[in-house]
Amino acid sequence: MLTIYGYSGTRSIRATWAAEELGIAYEYQCVDLKRGLHKSPEYLAVAATGKVPSLRDDGLTITESGAIVTYLADQAGRLIPSTGTAKRGKYEEAMYFVHTELEQPLWSIGKHKFALPEDKRIEQNISLGEWEFQQVLSVFAKMLGDQTYLLGDTFSVADVAAGHTLSWAKGFKQALTHDNVIEYAERVLTRPALARARQREAEAVSVS
Ligand SMILES: N[C@@H](CCC(=O)N[C@@H](CS)C(=O)NCC(=O)O)C(=O)O
């Protein structure tokens, strides 16, 4: 059985949410970031990045949340277009866009609000991130258009990545400003698989 390493309230929810959507059985290992266990020799031996999520499957380790959800969906043969198709090209485009464009200004806000050591935070970068996020959100709104999901009528794991990233916007008090994006975020963030993943991660913290 494969193992997902994660911590509640982090990007590891992308991996557990995808696994829940796909019906993949997984062990969940809580890596307590608050206690610094992501920098322990034991965890660094699993994931040299010292970050979550990571995935272990029969001797294979994958880090990077986007790569993990893609791997899981490919393994299951569901919720992802087949490789070599035009639709797969649009899937990859959506995933790269979410991870490199949509997430970046939000994470910049997060870093300069709370994640970086206090003496490294720059107040101005928060307002810059807020401005940049609205620019990139307009592009996302156009990509989505009047589609139900990012790739059209059917849910895919690209919606896991996008949905989770938009949940950060809510958490960081950044308005989603476009009706289609607001409705999309509501649609994907109320999926039962996400609730199950959240519960699994939260329970693992309470017993760790
Ligand atoms: N690009 C990576 C980012 C992973 C990442 O930064 N994870 C955070 C939690 S959301 C983490 O483990 N941070 C611990 C640290 O940076 O020390 C991904 O998408 O998986």
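Trainee: What is the hand of the crossing of H1 and H3, right-handed or left-handed?

Mentor: In this predicted model, the crossing of H1 and H3 is right-handed. By class, the contact between H1 and H3 holds nine nonpolar residues, one polar residue and one charged residue.

Trainee: Why are H1 and H3 called roughly parallel to each other?

Mentor: Helix H1, residues 12-22, packs against helix H3, residues 65-76, at an angle of about 15°, and angles under 35 degrees count as roughly parallel, so H1 and H3 are described as roughly parallel to each other. Their axes lie 9 Å apart.

Trainee: Which residues of H1 and H3 meet?

Mentor: From H1 come Arg 14, Ala 15, Ala 18, Ala 19 and Leu 22, and these meet Ser 65, Ile 68, Val 69, Leu 72, Ala 73 and Ala 76 of H3.

Trainee: What makes H4 and H5 roughly antiparallel to each other?

Mentor: The axes of helix H4, residues 86-115, and helix H5, residues 123-144, cross at roughly 160° and come within 8 Å of each other. Since angles over 145 degrees count as roughly antiparallel, H4 and H5 are therefore roughly antiparallel to each other. The crossing of H4 and H5 is left-handed, and by class their contact has eight nonpolar, four polar and four charged residues.

Trainee: Which residues in H4 and H5 meet?

Mentor: On the H4 side they include Leu 102, Leu 106, Ile 109 and His 112, and on the H5 side they include Ile 126, Glu 130, Phe 133 and Phe 140.

Trainee: How do you know that Ala 19 is buried?

Mentor: Ala 19, which lies in helix H1, has 27 other C-beta atoms within 10 Å, and a residue with 20 or more is called buried, so Ala 19 is buried. Not counting residues up to four places away in sequence, Ala 19 touches Ile 4, Ile 24, Tyr 26 and Leu 72. Leu 72 is also one of the H3 residues in the contact with H1. Ala 19 and Val 157 are 138 residues apart in sequence, yet 9.7 Å apart in space, C-alpha to C-alpha.

Trainee: Why is Leu 33 called partly exposed?

Mentor: Leu 33 has 19 other C-beta atoms within 10 Å; a residue is buried at 20 or more, exposed at 12 or fewer, and partly exposed in between, so Leu 33 is classed as partly exposed. Its place is in the loop between strand E2, 26-30, and helix H2, 41-46. Leaving aside neighbours within four places in sequence, Leu 33 is in contact with Tyr 7, Thr 10 and His 38. Leu 33 and Val 52, which are 19 residues apart in sequence, are 8.9 Å apart in space, C-alpha to C-alpha.

Trainee: How do you know whether the radius of gyration of the protein agrees with that of a compact globule?

Mentor: For 208 residues a compact globule would have a radius of gyration near 17 Å, and the protein has 17 Å, so the two agree. Along its principal axes, the C-alpha trace of the protein spans about 45 × 45 × 30 Å, and buried residues make up 35% of the 208 residues.

Trainee: Which elements does the protein have, and in what order do they run?

Mentor: The protein has eight helices and four strands, and from the N terminus on its elements run β-α-β-α-β-β-α-α-α-α-α-α. Among contacts between residues at least 6 apart in sequence, 66% join residues at least 24 apart.

Methods: Residues are numbered from 1 along each chain as its sequence is written. This is a predicted model: local features need pLDDT of at least 70, side-chain atom pairs count only at pLDDT 80 or more; totals for chains, interfaces and linings use all residues. Helices (H or I, at least four residues) and strands (E, at least two) are DSSP runs, numbered from the N terminus. The radius of gyration is taken over C-alpha atoms; the globule rule is 2.2 Å times the number of residues to the power 0.38. Two residues are in contact if their C-beta atoms, placed from the backbone, lie within 7 Å. Axes are lines fitted to C-alpha atoms, for helices over the stretch in contact, and angles run from 0 to 180 degrees between N-to-C directions. Angles under 35 degrees count as roughly parallel, over 145 as roughly antiparallel, 65 to 115 as roughly perpendicular and the rest as oblique. A crossing is left-handed if the near helix is turned anticlockwise from the far one by less than a right angle, and right-handed if clockwise. Ala, Val, Leu, Ile, Met, Phe, Trp, Tyr, Cys and Pro count as nonpolar, Asp, Glu, Lys and Arg as charged, and the others, Gly among them, as polar.
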